[in-house]
Every structure is written in structure tokens, then in C-alpha cells.
Amino acid sequence: MTAPLRLRLDSAALVSNWRHLAKLSGAAACGAAIKANGYGLGSRDVARRLAEAGCRDFFVATWAEAAALADLGLSVSVLHGLRAEDPLDAPYARPVLSTAEQVRRWKPTGRPCDVMVDTGMNRLGVSAEEIGAGLLDGLVIETLLSHLVSADEDVPLNARQLAAFGALKGRTAAKRMSLANSAGIALGADYAFDLTRPGIALYGGWQRPGHDAIRQVATPEAQVLQRRTVRAGDSVGYNATWIAPADTEVAILNLGYADGYLRCFSGKGLASAEGITLPLIGRVSMDLTAIDVTALPGIGEGDWVAMSYALPETAALSGLSQYELLTGLGPRYERIWR
Ligand SMILES: *Cc1c(COP(=O)(O)O)cnc(C)c1O
């Protein structure tokens with residue numbers, strides 16, 4: 001059985017993006033956020049390629065995501081920390097502890113951990129006050145982390161978080177400190193500390209000047225199930241939102257919102273084949289999408305088209321975030337690396 005859809009993945013672009021971010025990170029080590037199955041691309045495939053390029057620090061969200069990488073022998077940190085249900089003795093990852101309760105549970109293991117400190121996000125993390133009161137005393141801390149709220153914007157909060165995090169230097173037993181995500185790396189050398197944690201820019205996300213050299217990694221491809229001539233005045237798809245202004249050649253693709261190609265692409269998305277751009281027409285359905293192929297007489301049943309999916313442009317077009325564009329891609333794609 002072959003997969004109905006393809007996700008073309010560019011190894012060279014992934015590695016080149018990591019190298020670029022590593023260079024921007026200066027003397028700091030450059031890790032990789034590979035949570036949510038490597039932002040939808042496949043965490044094992046991403047991790048293997050980046051490890052080969054020299055990446056040594058990987059971040060996932062859950063212990064299940066870490067377990068899926070266990071045999072790769074990587075250094076993996078679990079950002080969701082340590083729930084009561086999570087293992088205290090898993091050899092393949094360490095928690096990023098973020099509450100006093102988690103610290104209390106982990107401390108007796110004597111094993112290394114990471115710690116998240118909150119500097120303004122108000123999501124996960126212990127407070128600077130708790131640290132001051134000795135909460136982390138006796139822990140073996142590999143990395144002290146904090147996370148930037150608005151690194152993709154030029155706002156005063158960036159400098160405030162930088163100062164709050166910087167003030168913790170030497171105040172814990174942590175061997176390393178880590179603040180910057182993809183956008184944070186491009187904020188400047190001050191933000192790099194000892195270790196950076198890019199995610200989206202590895203996968204082709206562009207958020208700030210400094211990301212200019214970032215290359216597209218993932219391109220969805222769909223197959224033509226049927227080609228038809230739609231007569232002027234006839235409609236295509238649910239609710240007849242598109243009416244043919246003239247006789248139009250239409251190809252129906254096997255791609256839809258169940259594949260993360262959401263309804264916001266209706267009437268806006270673009271595909272291409274043989275270098276010719278083919279606009280979407282009508283509504284995106286659950287498993288089907290129509291494109292105008294009048295400009296490409298040769299295309300027909302069984303042929304493949306590439307969907308336009310450069311992240312910054314596609315986010316602007318669709319209203320989805322660059323993150324949603326990748327993590328929403330479903331299980332129907334065969335992920336094909338070159
Ligand atoms: C997801 C995540 C990152 C990576 O963020 P990007 O914006 O994708 O670069 C870094 N650190 C933490 C704590 C995260 O949750």
C-alpha cells in the first residue's frame with residue numbers, strides 16, 4: 001500500500017538551517033526542539049540528521065516523545081517536566097522540572113535534570129523567588145532554561161526577560177543556561193547564553209532579519225484523482241463558492257483539511273507542476289481540493305502536484321501560524337527525505 005500523499009523533505013536545507021542558527025549562536029551550543037514529532041516532519045529523521053551535523057541537545061514535549069527516540073542514544077530533555085505518571089528512572093531523557101512538586105519528586109533520584117524558570121511567560125516554570133529561597137538546592141542541574149514571550153517582535157519585554165534571566169547567573173548549580181528559541185537567536189548574542197533551542201527556523205520558519213538564510217524544508221505533494229472540464233456558470237465544491245467564469249479545466253486533488261490543509265486555503269492556496277502555478281478553486285473539503293489546471297493541458301489522473309508551502313508566505317496567505325502549518329500535517333503523508 002502506498003501513502004496517498006507525500007511530504008518532500010530536504011535534508012540539506014535542514015542541516016544548513018541548523019548550521020546557520022549554530023553560527024548565529026556564537027560560542028553557545030545550538031540544540032534543537034523536536035517536539036510534536038519534529039514539528040510534524042518526523043522527530044527520528046530530524047534528530048538523526050542533526051546529530052550527524054553536530055547537534056547534541058534535543059527537546060521534546062513529553063516522555064512518550066522521548067521514548068520514541070530512546071535507541072538513538074541522544075541527550076533529550078522533556079519540556080513538560082515530570083508528571084506523577086512519568087518515569088523517575090528512564091535512561092533516555094531527563095525532565096525540565098518546572099514546579100516545586102516536581103523538584104520534590106525528582107530530588108531523591110540524584111539524577112541530572114533541567115529546570116525551567118519563569119521570567120514572564122507565565123506558563124511553565126519555577127519563580128526566581130523560589131530559586132532564591134533554595135528550592136533547587138541539592139539538585140544536579142544540567143541546564144537552567146527560560147522561554148521568551150515575544151522574541152519575534154521588538155518589544156521591551158525581551159530585554160526585561162534577558163535581564164531577569166541573566167540575574168540568575170551563578171545563583172544555581174546549573175552547568176549551563178539557555179534562553180533563546182529561533183527568534184531569540186536572532187535578537188543578538190546576549191540572548192544565546194550557553195545553549196540555544198531553535199525549533200521552527202530549523203524547519204524553514206522565518207521570523208526576523210537574521211533568519212534570511214533559512215531555507216524551506218517541507219513541501220506537501222498531492223495526486224490528481226480526476227480531471228474535468230467545468231462549463232462557464234457551473235460551480236465546484238461545497239456550497240458552490242466558486243463559479244466558473246469561463247470553461248475551466250479542473251483537477252481534483254486527494255488533499256484536504258484532514259491532512260492539515262485547512263479550509264482557510266479555500267480560494268487562496270496554490271499548487272504547482274512543471275513550473276506552472278495552479279490556483280485553488282472553491283472550498284477545501286475534508287479529503288479533496290480542486291485546482292485550476294487550464295494552464296497545464298498535460299496534467300491528468302495520477303499526476304502529482306506540489307503545494308506552495310514556503311512558511312512565511314503561506315502563513316501570511318492562510319492566517320495560520322508557521323508552526324500550525326507544519327504540526328497540522330497529518331499521518332497520510334509519506335515523509336520522503338532527500
Ligand atoms: C518549542 C520551544 C522552543 C523552540 O521554539 P521555536 O519558536 O520553534 O524556535 C524552545 N524552547 C521551548 C521551551 C519550547 O517550548
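1. Let's start in helix α5, where E101 and R104 both sit, 3 residues apart, about one turn of the helix. Their side chains meet in a salt bridge, with 2.6 Å from N to O. E101 is partly exposed at 38% relative accessibility, while R104 is exposed, with a relative accessible area of 52%. Please keep in mind throughout that this is a predicted model.

2. On salt bridges in general, a search of the whole structure finds 17. One of these joins D71 to R44, and the closest N and O atoms are 2.7 Å apart. D71 lies in the loop between α4 (63-67) and β5 (76-78) and R44 in helix α3 (residues 43-53), so this contact ties together parts that are 27 residues apart in sequence. Of the two partners, D71 counts as exposed at 57% relative accessibility. R44, with a relative accessible area of 29%, is partly exposed.

3. Another pair for your list is R231 and D247, a salt bridge whose closest N and O atoms are 2.9 Å apart. The pair links distant parts of the chain, 16 residues apart: R231 is in the loop between β11 (218-230) and β12 (235-236), and D247 is in the loop between β13 (242-243) and β14. R231 is partly exposed, with a relative accessible area of 47%. D247 also has its own value, 44% relative accessibility, and counts as partly exposed.

4. There is a network to look at as well: R6, R8 and E221 are linked by salt bridges.

5. Now to the pockets. The largest pocket has a volume of about 610 Å³. Its lining is made up of 29 residues, and K35, M121, R123, H147 and N181 are those that lie nearest the centre. By class, the lining of the largest pocket divides into 15 nonpolar, 9 polar and 5 charged residues.

6. The second largest pocket holds about 170 Å³ of space.

7. L262 is found in the loop between β14 (248-253) and β15 (270-273).

8. Finally, a pair that gives a sense of the distances in the model. T109 and T277 are 168 residues apart in sequence, and their C-alpha atoms are 58 Å apart in space. T109 lies in the loop between α5 (100-106) and β7 (112-116), which brings us back to the helix of the opening point. T109 is partly exposed, with a relative accessible area of 27%.

How values were computed
Residues are numbered from 1 along each chain as its sequence is written. This is a predicted model: local features need pLDDT of at least 70, side-chain atom pairs count only at pLDDT 80 or more; totals for chains, interfaces and linings use all residues. Side-chain values use heavy atoms; hydrogens and water are left out. Helices (H or I, at least four residues) and strands (E, at least two) are DSSP runs, numbered from the N terminus. On a 1 Å grid over the protein atoms alone, a cavity is a set of points where a 1.4 Å probe fits but cannot get out, and a pocket is an open set with protein on both sides within 12 Å along at least five of seven lines; lining residues have an atom within 4 Å of a point. Grid points are joined across faces, edges and corners, and a volume is the space filled by probe spheres set on the points. Ala, Val, Leu, Ile, Met, Phe, Trp, Tyr, Cys and Pro count as nonpolar, Asp, Glu, Lys and Arg as charged, and the others, Gly among them, as polar. Buried means under 20% relative accessible area, exposed over 50%, partly exposed in between (1.4 Å probe, protein chains only). A salt bridge is a side-chain nitrogen of Lys or Arg within 4 Å of a carboxyl oxygen of Asp or Glu.
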